[in-house]
Amino acid sequence: MAARILVAYTTKYGSTAGVADAIARELAAAGLEARAVEQKEVTSIEGYDGVVLGAPIYMGKPLDLAPFVARHAAALSRMPVGAFAVGLTPVNPKAGQLEQVRAALSSALAPLEPVAATVFAGALDTSKMGLADRTVVRLIGSPTGDHRDWEAIASWARELVPLLGA
Ligand SMILES: Cc1cc2nc3c(=O)[nH]c(=O)nc-3n(C[C@H](O)[C@H](O)[C@H](O)COP(=O)(O)O)c2cc1C
């Protein structure tokens, strides 16, 4: 029977949803039974053989990832877990910033040790945002536009297949 994999993600403006869907599609193409579900729709992860957790980075932290890990700690500790963060740091990193994002991802996952964890370049469309977020974007001088690298995302998903025990 094909391994059942849940790709559980958070998102504020939808770009992480696109990455999660692309990962689920690639896992399904490799023969796994994979589905992407927004984290707030996930009540239980029982019945899955592996989980991929995804979250966008806001103010240096993966959005709502740590509480999900805490809530499902026991079940997650019994299965392979892959994780990805989506942010704009990879587009134009200053010294040490990418390391900080990686560290924030590890710390949100702790004490879980993921079979793979990575940070993808995301997307930012100021026309979708409220005033508060637009102001932050202007203040931190963040790049805008869609920087998601679909080939890098698909390639990471293919590498995950054997790591998820499939
Ligand atoms: C208010 C705000 C704060 C952000 N903070 C960070 C950050 O600290 N690090 C980072 O890499 N990206 C940061 N970003 C960029 C987002 O992570 C990026 O746009 C991501 O693709 C958004 O995902 P979503 O569309 O799924 O919400 C920020 C974006 C906004 C609007």
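Two rings of Phe, Tyr or Trp (for Trp, its six-membered ring) pair if their centres lie within 6.5 Å; planes under 30 degrees apart count as stacked, over 60 as edge-to-face and the rest as tilted. By this rule the structure holds three aromatic pairs. The model is predicted, so local features need pLDDT of at least 70, side-chain atom pairs count only at pLDDT 80 or more, and totals for chains, interfaces and linings use all residues. Residues are numbered from 1 along each chain as its sequence is written, and side-chain values use heavy atoms, with hydrogens and water left out.

One of the pairs joins F84 and F120: the ring centres are 5.9 Å apart and the planes meet at 50 degrees, so this pair is tilted. F84 belongs to strand β5 (residues 81–87) and F120 to strand β6 (residues 116–121), 36 residues apart, and the pair links these distant parts of the chain. Strands (E, at least two residues) and helices (H or I, at least four) are DSSP runs, numbered from the N terminus.

F84 also pairs with W156, with ring centres 6.2 Å apart and planes at 70 degrees, so this pair is edge-to-face. W156 lies in helix α6 (residues 150–163) and F84 in strand β5, so the pair ties together parts that are 72 residues apart in sequence. F84, F120 and W156 form one aromatic cluster.

Are F84 and F120 buried or exposed? Both are buried, where buried means under 20% relative accessible area, exposed over 50% and partly exposed in between (1.4 Å probe, protein chains only). F84 has a relative accessible area of 0%, and W156, at 9%, also counts as buried.
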